[in-house]
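Student: I would like to learn how to read the local features of a protein model, going from backbone to side chains. Could you take me through them one at a time?

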Amino acid sequence: MQKKINIRNKKARFEYEILDRYTAGIQLTGTEIKSIRESKARITESFCEFNEQGELFVINMFIEEYLYGNSYNHKPKSERKLLLNKGELKKLQKEVQNVGLTIIPLKLFLTDKGWAKLDIALCKGKKNYDKRETIKDRDNKINLDRVKKNFN
């Protein structure tokens with residue numbers, strides 16, 4: 001029985017306002033999936049871009065080299081192709097080009113069949129005052145939980 005792999009981008013919700021979410025497959029080479037199964041991957045600094053052919057790639061995603069891989073090991077920070085439906089790709093590309101939104105990975109996980117999937121989101125960057133509002137809401141929630149705990 002394999003353990004649940006759940007690698008999150010915690011900065012994304014603070015830095016960006018999430019508008020729409022998608023789940024995409026990732027095209028991986030041989031030893032990359034083995035490193036992901038050992039939870040040796042990071043998506044905190046990664047983002048997604050389209051190439052000239054209209055294919056979506058995740059950039060700056062770090063997957064550590066597999067410890068027992070030999071000369072066939074992968075590069076830690078290479079571009080990896082994301083697999084989505086053609087309609088979803090066209091919609092995302094239109095939104096990115098016309099409106100100026102960004103595509104950010106939120107979560108890297110494994111399905112029950114063992115496939116690596118990436119939750120991506122169409123995002124709009126937050127301004128500083130939006131970030132202060134987020135911090136204030138988080139602090140208010142913590143204080144409210146503290147009061148509820150003491151009351152019960």
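Tutor: We begin with the basis of the model and then go through helix, strands, loops and rings. This is a predicted model, in which local features need pLDDT of at least 70 and side-chain atom pairs count only at pLDDT 80 or more, while totals for chains, interfaces and linings use all residues. Residues are numbered from 1 along each chain as its sequence is written, and side-chain values use heavy atoms, with hydrogens and water left out.

Student: What span should helix 3 have, and what follows the helix?

Tutor: Helices (H or I, at least four residues) and strands (E, at least two) are DSSP runs, numbered from the N terminus. The expected span of a helix is 1.5 Å times one less than its number of residues. For helix 3, the 14 residues 86–99 should span 20 Å, and the end C-alpha atoms are 20 Å apart, which agrees. Helix 3 is followed by G100, whose phi is positive, near 85°.

Student: Where does S39, which is not a glycine, lie?

Tutor: S39, with a positive phi of about 60°, lies in the loop between helix 2 (32–37) and strand 3 (41–42). S39 counts as partly exposed because its relative accessible area is 36%.

Student: How many aromatic pairs does a search of the whole structure find?

Tutor: Rings of Phe, Tyr and Trp (its six-membered ring) pair if their centres lie within 6.5 Å; planes under 30 degrees apart count as stacked, over 60 as edge-to-face and the rest as tilted. The search of the whole structure finds one pair: Y66 and Y68, edge-to-face, at 5.9 Å centre to centre and with 75° between the planes. Y66 counts as buried because its relative accessibility is 17%, whereas Y68, with a relative accessible area of 65%, is exposed.

Terms used. Buried means under 20% relative accessible area, exposed over 50%, partly exposed in between (1.4 Å probe, protein chains only).
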